[in-house]
Amino acid sequence: VQLEKLNEINEKRIANAKFYDAMLADFSDYFSPFIDELNYVSYYGYPILIKENSRFSRLDLCLFLEENGIETRPMMAGCLPDQPGYEDLNHRICGDLSTSRLIKDRAFFIGCHPNISRDDLNYVKSVFNSYIKKHI
């Protein structure tokens, strides 16, 4: 039954992502967009990457969002070799994993559910605006 609704669900997720794109465009000094023009993206969540020169951390922003009722999620476990469960395992690391560590330290998701209302999106925007204005 859900497959019959898939195109409509994906269209709503994409519309929500475009709203977030426009919302963060005003703060391009602080955020890097995840743009993939070569593939179709259905936005399970909306990824946000905080630039290295920002005056705030991922943790601080996520705590602020959570305190204001906006759920966040880290990027899929981050960098696996940095996880405590891998400390004592015999493994090989290729390269410095700088991109993986950057994503682990500076990226997170916010919701992009198809049932997020325009009022919800505007609330997310207002919370982001208030946080950024405090930190610029």
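Hi everyone, let me start with helix α2, residues 58–67, which lies across β1, β2, β3 and β4 and runs at about 15° to β4. That angle is taken between N-to-C directions on a scale from 0 to 180 degrees, with axes being lines fitted to C-alpha atoms, for helices over the stretch in contact. Helices here are DSSP runs of H or I with at least four residues, strands are runs of E with at least two, and both are numbered from the N terminus.

Before we go on, two bits of housekeeping. This is a predicted model, so local features need pLDDT of at least 70 and side-chain atom pairs count only at pLDDT 80 or more, while totals for chains, interfaces and linings use all residues. Residues are numbered from 1 along each chain as its sequence is written, and side-chain values use heavy atoms, with hydrogens and water left out.

Now the overall view. The protein chain has four helices and four strands, and from the N terminus on they follow the pattern α-β-β-α-β-α-β-α. Its C-alpha atoms fill a box of roughly 50 × 45 × 30 Å along the principal axes. Of the 136 residues, 32% are buried; buried means under 20% relative accessible area, exposed means over 50%, and partly exposed is in between, using a 1.4 Å probe and protein chains only. Take the contacts between residues at least 6 apart in sequence: 76% of them join residues at least 24 apart. A contact, by the way, means heavy atoms within 4.5 Å.

Let's turn to the sheet. In what order do its four strands stand? The order is β1-β2-β4-β3, in an open sheet with antiparallel pairing. The edges belong to β1 (31–32) and β3 (72–74), each with a single partner strand, so one side of each has no neighbour in the sheet. Helix α1, residues 2–25, packs on this sheet, touching β1, β2 and β4 (107–111), and its direction makes about 20° with that of β2. Two strands are called paired if DSSP finds at least two bridges between them.

Next come β2 and β4, antiparallel and joined by five bridges. L49 turns up again here, with A107 as its bridge partner in β4, and Y46 is partnered by I110. Last, three bridges join β3 to β4, again antiparallel, and P74 stands opposite F108.

Six of its six residues are buried, so β2 is largely enclosed by the rest of the structure. G45, P47 and L49 point one way from the strand, while Y46, I48 and I50 point the other way.

Now for a few single residues. Most residues other than glycine have a negative phi. Which way does the phi of Y43 go, positive or negative? Y43 has a positive phi of about 55°, although it is not a glycine. You'll find Y43 in the loop between β1 and β2, and at a relative accessible area of 16% it is buried. L97 also has a positive phi, near 55°, and is not a glycine either; look for L97 in the loop between β3 and α3 (98–106).

In the loop between β2 and α2 sits S54, which counts as buried at 12% relative accessibility. Leaving out residues up to four places away in sequence, S54 touches D29 and Y30.

My last stop is I9, in helix α1. I9 and N115 are 106 residues apart along the chain, and their C-alpha atoms are separated by 8.6 Å. Setting aside neighbours within four places in sequence, I9 is in contact with Q2 and P114.
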